[in-house]
Amino acid sequence: MKKSFLILSISLLFAVSLAMAGITGKIAGSVTDAETGEPLVGANVVIEGTQLGTATGLDGYFFIIKVPPGKYTVRANMMGYGILQKTDVLVNIDRTTTINFGLKTQVIAGETITAVARRPIVERDLTASKERITSKEIANSWAYTVNEAISTQSGVNINNGIRGSFGLDVAYFVDGQELRESGSNSNFTGINTTAIAEMEVLTGGYNAEYGQANSGIVNIVTKTSKDKIRGTVKYRVRPAGKYHWGRNIFSKENYDWKVMGTLDYWTTHEGGTYADKTPEERLAAWKRFVSGEMFNSKELRDYDKRIQHEVEATIYGPITSKLDFLLSGRYLRGVNKYPSVLNYNPEYNFQAKLDYQLTPSTGISFSGLYGGYATTGISKTNYWSSEDSPQRARGVSAGQSPGASIQNPYEYYKYMFWVAGGRTGDGIRPPEYGKIYSGQLKLTHIFSPRTYVELKASHFVFNQEMHTLDHLKVKWGGPDWTWPEDKVPPDNELFRTSGYGDFRFNYNDSKNTKIEGSLVSQIAPQHLLKMGTGFSYQYFKNIWHEGRSADRIYMSDYIRPIAFHPYEGYAYFQDKIEIRGMVVNAGLRFDFYNANKKVSDDFWDPLRIDKNTPGNRGMSLISFDPNGPYAVKTPTQSVLSPRLGVSFPITESTVLHFMYGHFNMRPAWMKMLADPIEKMEPPPEGVQVTAPIKEKELPIYHDYPTVYTGHQRNVGNPTLEFEKMIQYEVGFDQNIADLLRLDVTLYYKDGKNLTSVGYQKSGMGNMATSSWLATRLYPDDNNPESISVGDMGYNFVYTNGGALDVRGLEATLETKLWRNATFKIIYNMSYANTIRYGLDTVYRLFDDGTKLGRDYLWGASNFDRGVVGNTNQRWNPNNTIKFISYLSTPLRFGPKVNGFHPLGNWHLNVFTMYSSGEKFTYHSPDDFSSEPLNRTWKPRYMTNLKLIKRIRGLGMGFEFSVDVRNVFNNKTLRLMGGKDLEDYMENGKLPTHPLTNEVMEWTMYRRDTMPREVFFGLGITF
């Protein structure tokens, strides 16, 4: 602990950070005499409508730092010379905008000459790949969310992974505040797009100010206005309908109605408890069952009759000359594409920002957001799920269920209102509920035009639950674990008609309080220095109630809460060097963390319930005492990350850039300190249980005989180290005769110490997800394979056991010729290989030197160096092409009718994406060769578009829009395995249901390409 606080003290003394990500840019240039070219010393340069300005130095050079992104008018003047102002000066995040002024000797007093600033042909200070999205581009695009906007960029694959990554290694920021929930390392991405001024996606390395991200940074800056109140209101609706492949899941064309809904069927089927009933009574009971009357679940059948609505509004601008604000809100009454226990999947997000100029040199800013959701769709977090949870529902295999919903007509709990209530054979999970609260207070003080300091305090809270308890109470009258006689349906051969399944309850609460600061100084025209530090003190608690079911020996009604206060911090130094012919971004970052908890010194048996574990109090009793002799403190992990980016402006129209950097990311706290879930016997005789589940604060029952459950034996590893990534890239940006812009980049990523490797391939093309990397530990010398009472069985411990190797090429060709017609082609070639290495299975070494078995490494055998890898082409296709076109008509285009131009101010955005199919191994029965990966699966196509008509009137702008997802209704057959693959390859036969031999349209297509959806929208801007 002393060592940790020493590190923190040194960090705080070091300076003051921009994990405070960079959210401003810089304007620089020179002022000269237009006739002689001599530099003008002391000329004034100001940005109109702001308090930003400076004077030129001895060489006529000037710079203005801390300029928010946007378009400005910049004015230069000097005694004896005329005034020259340049409009449309574009400033971007972390970029230097260069403008030069040539002032003429004044002829007419007060004369002002206006010129339009020319956009730079190439960005000479771009030292690593960056994609930029402006508010105007978002408004004209089909993309309606942050994630959709990101998906259109270069370097982003079909699942929104950046350059082969799996999702968690990207960090999101809004106005400098990180949006990461540190318990699972999930990001909150529900930022309102109407509030965004600019968004940048850093895909190829980034400066030392950014940490806790190995593959990318998404940096969002919200809007501001100094001259007047501005705003946007948008409404969007999706009509009711069926938006999945296959028939309606409750259609009367399905097997259950066509066969089971007949008297003939129930004449030959006794119906279990209905054996003493007549066939007519059995049929009547069956119809009550399928109609929903028996279980109060009629709404399940109406999933295709619900309209989806979404409204979003943002207003911003000045309140006084010193105070301006932003308010933004969004509400989505989402409708799941499949029937589920929730009628609607609501999402909401409210954002606010206040900026107050205390003095000409000191400003204070407050920003905050409050958001939440309830979803039966894909999980929005990564608790006990795949590492790429937000993307995994794009559904790469039939066995995967992307949510708490029914996805085909043959699922067991199709007619039950608790459809999302448990982990059935189809993988259904409970609904997920989440809430996010955050606030940030920032103080900025400008010491001089060259130097300013920012101090910042922020607080981020995330609450997440997964359960069906509320629905049970409302629709059933409370889970009393009995089956009312009048609600027993007739047994049948296809659907489950009794039992609750395993009703889980998962609760996570995380809080993150940060203190950060940065010092920024343009110490010379060539050097912009940043130095900073930050410290974060956190709280995290997890409660897991696994469920109770009749077919298990032990009940898991009681659990052990996990609560602790981890901390982490960083410090960095960075210099942006801008000299003639070269721009350099060089920096060094230091990070550290500590889980800050006392844990068991025994990975094998963290609760010390096995009789062979030292300190065990008795057969299968929880014996770990955090204040006892077997408790140890978690260690502090630290790392240095050097970063270097260099840009070489070869000519005015060509820039070559190079980047090299080390990036390190802390694993999720859950992986470090998660206790395995245990099951307990029913309470001993005479013990009164009083703690209900709803209180979320359940005690540790030390005297209950306990075993580790087979469903969750994952043991946290407090010694986990930083996940490491080394990135290289080299590229060039070329302007071709002011007609085209060509950007080509080669990159390489080398990752190790990873705790996840995303998707894994098994068998003949089947896919399985891996949410973590772990080593199986066998400690029990009596019964190593079981989890029965008296013997601990085995556990898994999380490990730094993954590696990632990614090599790729990115090329973008963009037109620059026409204002009303732009086209962009993006080509990504990416080869990603993931590797699992190290120990797979380990047996405990006992005091007498014996082991239960031989330890095993990852891989096919102990002779392949313990390494097994996969190409992950389904997750990260080798070849992707994106085509983006934007067409518009001028405001006054075409004939004028009653004061309007019907053909004017139309906007069309079309986005088309192609991604290649993956390689797989298949040999026909008469093919005796053994070549691996000898076939290529089907490619994926997708086209989205948005058509907008805008009208000006009453001092406002009105827009009407239609946007269409999957315009051509493309569908992509999933890669099958085993007998299904053989039947398809040899006979063209598609997968069928074994009982009915019906083609399974519902599950045989990839879920990242769903049927066509049409949205209608209205908007107002002012």
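A: Two strands are said to pair if DSSP finds at least two bridges between them. The model is predicted, and the pairing considered here is that of strand β40 (residues 774–778) with strand β41 (residues 795–798). These strands share four bridges, so they meet the requirement of at least two. The sense of their pairing is antiparallel. One of the bridges can be followed to individual residues: Ala774 has Tyr798 of β41 as its bridge partner. In general, the strands of a sheet pair through backbone hydrogen bonds, in either a parallel or an antiparallel sense.

The two strands belong to an open sheet of five strands, in the order β35-β41-β40-β44-β45. The pairing across this sheet is mixed. At its edges stand β35 and β45 (856–857). Each of these has a single partner strand, which means that one side of each is left without a neighbour in the sheet. In the protein there are 53 strands, together with 10 helices. Of its 1022 residues, 58% are buried.

The aromatic contacts come next. The protein has 26 aromatic pairs. In one of them, the ring centres of Trp286 and Phe289 lie 5.5 Å apart and the ring planes meet at 50 degrees, so the pair is tilted. Both residues belong to helix α6 (residues 279–291), where they are three residues apart, about one turn of the helix. Trp286 has a relative accessible area of 0% and is buried; Phe289 is likewise buried, also at 0%.

A further pair joins Tyr593 and Phe722: the ring centres are 4.7 Å apart and the planes are at 65 degrees, so this pair is edge-to-face. The pair links distant parts of the chain, with Tyr593 in strand β28 (residues 582–594) and Phe722 in the loop between β35 (714–715) and β36 (723–736). The two residues are 129 residues apart.

Definitions and conventions
Residues are numbered from 1 along each chain as its sequence is written. This is a predicted model: local features need pLDDT of at least 70, side-chain atom pairs count only at pLDDT 80 or more; totals for chains, interfaces and linings use all residues. Side-chain values use heavy atoms; hydrogens and water are left out. Buried means under 20% relative accessible area, exposed over 50%, partly exposed in between (1.4 Å probe, protein chains only). Rings of Phe, Tyr and Trp (its six-membered ring) pair if their centres lie within 6.5 Å; planes under 30 degrees apart count as stacked, over 60 as edge-to-face and the rest as tilted.
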